[in-house]
Amino acid sequence: MEKTIGRMSLYRRLLLDIEKRGASHVYSHELARVAGIGAAQVRRDLMTMGFSGSPSKGYHVADLIGHIGTAIDPPEQQRVALVGVGNLGRAILAYFHGRRPKLAIVAAFDDDSAKVDKVVHGCRCHPLRAMSEIVPALDITVGIITVPAESAQDIADRLVNLDIKGILNFAPAALRVPPGVFVDTMDITTALEKVAYFARKGR
Ligand code: NAD
């Protein structure tokens, strides 16, 4: 399930690019090629969602984008908080600003007074101590952690105590959370080391 949702999100991102280039239809093998996934897997995923293409024209791009949205987007806007407005936090705020109307980063938090009360790429940065007030007030259910590793568990605990149910963690730290809270850790260093290892092997 987790992998299927990830692939749906990837398909939509690629379909939005395809739509921007002016194409109205796409074949499963074309989508598979840009996604780096087998065409049979793409067809299976789309069939599971009850979406079928025409053998002569392929899939209707705009309809498919809408269909994926219905399958994976929340019915109403889901709100996200980001903690740690440093280099990575700012880059995420810039990248995500206005990108998905149904999934919005509506508040950021930092413990550095120089960053507090500033609007960063459309998102206000609040002091960390305001988190217990702002997270429930804005009905935030997802947290992004971009603080140094040594602070990540403390931030995760605070978020969980505020009833956050999903955390995207960028800090290189294995977070402990209670059952019912979904955590995904994006470890760029490990990913880069893995790629570098296979790049050496391939030479
Ligand atoms: P950074 O030092 O630029 O930013 C960290 C921010 O967190 C700062 O604004 C700091 O004031 C804030 N902060 C620290 N402790 C806090 C706390 N307890 N509560 C609230 N705010 C706090 O660091 P960065 O480069 O943005 O990296 C952030 C995290 O992401 C690190 O764990 C790092 O290992 C990880 N990471 C960074 C990159 C990258 O490319 N920069 C890539 C992958 C992962």
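Guide: A polar contact is a pair of N or O atoms within 3.5 Å. The model here is predicted.

Visitor: How many helices and strands does the protein chain have?
Guide: The protein chain has 203 residues, and buried residues make up 36% of them. Its C-alpha trace spans about 60 × 45 × 35 Å along the principal axes. The secondary structure comes to eight helices and nine strands.

Visitor: Which residues come nearest to the ligand?
Guide: The shell around the ligand holds 21 residues. They divide into 12 nonpolar, five polar and four charged. Those that come nearest are Asn-87, Leu-88, Asp-110, Lys-115 and Val-147.

Visitor: Which helix gives the largest share of the shell around the ligand?
Guide: Two helices each supply at least two residues of this shell: H5 (87-96) and H7 (149-161). The largest share is three residues. The helix that gives it is H7.

Visitor: How far from an oxygen atom of the ligand is the backbone N or O atom of Leu-88?
Guide: A backbone N or O atom of Gly-86 lies 3.4 Å from a ligand oxygen. A polar backbone atom of Asn-87 is 2.9 Å from an oxygen of the ligand. For the backbone N or O atom of Leu-88, the distance to a ligand oxygen is 2.7 Å.

Visitor: How much of the ligand's accessible area does the protein cover?
Guide: Start with the ligand on its own. Its accessible area is then 820 Å². The share of this area that the protein covers is 71%.

Visitor: How many aromatic pairs are there, with ring centres within 6.5 Å?
Guide: A pair of aromatic rings is described by the distance of the centres and the angle of the planes. The cut-off for the centres is 6.5 Å. By this rule the number of aromatic pairs is two.

Visitor: Is the pair of Phe-51 and Tyr-59 stacked or edge-to-face?
Guide: The ring centres of Phe-51 and Tyr-59 are 6.0 Å apart. Both residues are buried. Their planes make an angle of 25°. Planes under 30 degrees apart count as stacked, so this pair is stacked.

Visitor: What kind of pair do Tyr-197 and Phe-198 form?
Guide: Tyr-197 is partly exposed, at 38% relative accessibility. Phe-198 is exposed, at 53%. Their ring centres lie 5.2 Å apart. The planes stand at 90°, so the pair is edge-to-face.

Visitor: Which ring does the charged end of Arg-99 sit over?
Guide: A charge over a ring must be within 6 Å of the ring centre. The charged end of Arg-99 is 3.8 Å from such a centre. The ring belongs to Tyr-95.

Visitor: What is the phi of His-121?
Guide: Most residues other than glycine have a negative phi. His-121 sits in the loop between strand E5 (119-120) and strand E6 (123-127). His-121 is partly exposed, with a relative accessible area of 41%. Its phi is positive, near 45°.

Visitor: Is Asp-139 buried or exposed?
Guide: Asp-139 has a positive phi too, near 55°. Its loop runs between helix H6 (131-137) and strand E7 (140-145). The relative accessibility of Asp-139 is 55%. The cut-off for exposed is over 50%, so Asp-139 counts as exposed.

Visitor: What distance separates the C-alpha atoms of Val-181 and Val-160?
Guide: Val-181 is in the loop between strand E8 (166-169) and strand E9 (182-185). At 13% relative accessibility, Val-181 is buried. Val-181 and Val-160 are 21 residues apart along the chain. Their C-alpha atoms are separated by 7.7 Å.

Visitor: How far apart in space are Gly-50 and Ile-72?
Guide: Gly-50 lies in the loop between helix H3 (39-48) and strand E2 (59-60). Gly-50 is exposed, at 58% relative accessibility. In sequence, Gly-50 and Ile-72 are 22 residues apart. In space, C-alpha to C-alpha, they are apart by 14 Å.

Visitor: What separates the C-alpha atoms of Thr-141 and Arg-44?
Guide: Thr-141 is in strand E7. Thr-141 is partly exposed, at 25% relative accessibility. Along the chain, Thr-141 and Arg-44 are 97 residues apart. Their C-alpha atoms are separated by 31 Å.

Key: Residues are numbered from 1 along each chain as its sequence is written. This is a predicted model: local features need pLDDT of at least 70, side-chain atom pairs count only at pLDDT 80 or more; totals for chains, interfaces and linings use all residues. Side-chain values use heavy atoms; hydrogens and water are left out. A residue is near a molecule or strand if one of its heavy atoms lies within 4 Å of it. A polar contact is a pair of N or O atoms within 3.5 Å; within protein, one must be able to donate a hydrogen and the other to accept it, and residues adjacent in sequence count only if both atoms are side-chain atoms. Accessible areas come from the Shrake-Rupley method with a 1.4 Å probe; for residues, only the protein chains shown count as cover. Helices (H or I, at least four residues) and strands (E, at least two) are DSSP runs, numbered from the N terminus. Ala, Val, Leu, Ile, Met, Phe, Trp, Tyr, Cys and Pro count as nonpolar, Asp, Glu, Lys and Arg as charged, and the others, Gly among them, as polar. Rings of Phe, Tyr and Trp (its six-membered ring) pair if their centres lie within 6.5 Å; planes under 30 degrees apart count as stacked, over 60 as edge-to-face and the rest as tilted. Buried means under 20% relative accessible area, exposed over 50%, partly exposed in between (1.4 Å probe, protein chains only). A charge sits over a ring if NZ of Lys or CZ of Arg is within 6 Å of the ring centre and within 35 degrees of the ring normal.
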